Amino acid sequence: VAITRRSKMLINDLNDLKEEIEIMKEMTSVVNVITLQRVFTSETVVWQVMEFCNGGELLERISGETDFFEAQASNLMQQILCAVRHMHKKNVGHCNLKPSSIHFKNCEPMK
């Protein structure tokens, strides 16, 4: 697992955080979307326990490839767009979709 720690003092709107957590809970059945497993709170901190993805970010992976073929790019885009489509069906938009916010579950070579 991966744990993110967020100070409630630094969050402008706690309602936005609560809404984000509820949205992440709804996304657990969506393929290729990271899973929120648990949430713990105290008076000052919120901890989100997320699925652990140790395969690195998309930007790192593409930069590290000596050969990146059209078929690999097509497969990758298909997976990303499929996840976004499922999110949109639930009326959820990803406001920060960029290569550094896309993570691989493991270090297996891209197909």
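In which sense do strands β2 and β3 pair, and over how many bridges? They run antiparallel to each other, with 5 bridges between them. Keep in mind that you're looking at a predicted model.

Let's zoom in on that pair. β2 covers residues 36–41 and β3 covers residues 45–50, and a hairpin of 3 residues takes you from β2 to β3. Here are two of the bridge partners:

| Residue | Bridge partner in β3 |
|---|---|
| Phe40 | Trp47 |
| Thr41 | Val46 |

What about the whole chain? You'll find 3 helices and 3 strands, and following the sequence gives the pattern β-α-β-β-α-α. The C-alpha trace spans about 50 × 30 × 20 Å along its principal axes. Of the 111 residues, 25% are buried. Take the contacts between residues at least 6 apart in sequence: 66% of them join residues at least 24 apart.

Finally, the surface and the charges. The chain has an accessible surface of about 8000 Å², and carbon and sulfur atoms account for 53% of that. There are 13 positive and 14 negative charges, and their mean positions lie 6 Å apart.

Notes. Residues are numbered from 1 along each chain as its sequence is written. This is a predicted model: local features need pLDDT of at least 70, side-chain atom pairs count only at pLDDT 80 or more; totals for chains, interfaces and linings use all residues. Side-chain values use heavy atoms; hydrogens and water are left out. Two strands pair if DSSP finds at least two bridges between them. Helices (H or I, at least four residues) and strands (E, at least two) are DSSP runs, numbered from the N terminus. Buried means under 20% relative accessible area, exposed over 50%, partly exposed in between (1.4 Å probe, protein chains only). Contact means heavy atoms within 4.5 Å. Accessible areas come from the Shrake-Rupley method with a 1.4 Å probe; for residues, only the protein chains shown count as cover. Lys and Arg count as positive and Asp and Glu as negative; His and the chain ends are not counted. The place of a charge is taken as NZ of Lys, CZ of Arg, CG of Asp or CD of Glu.
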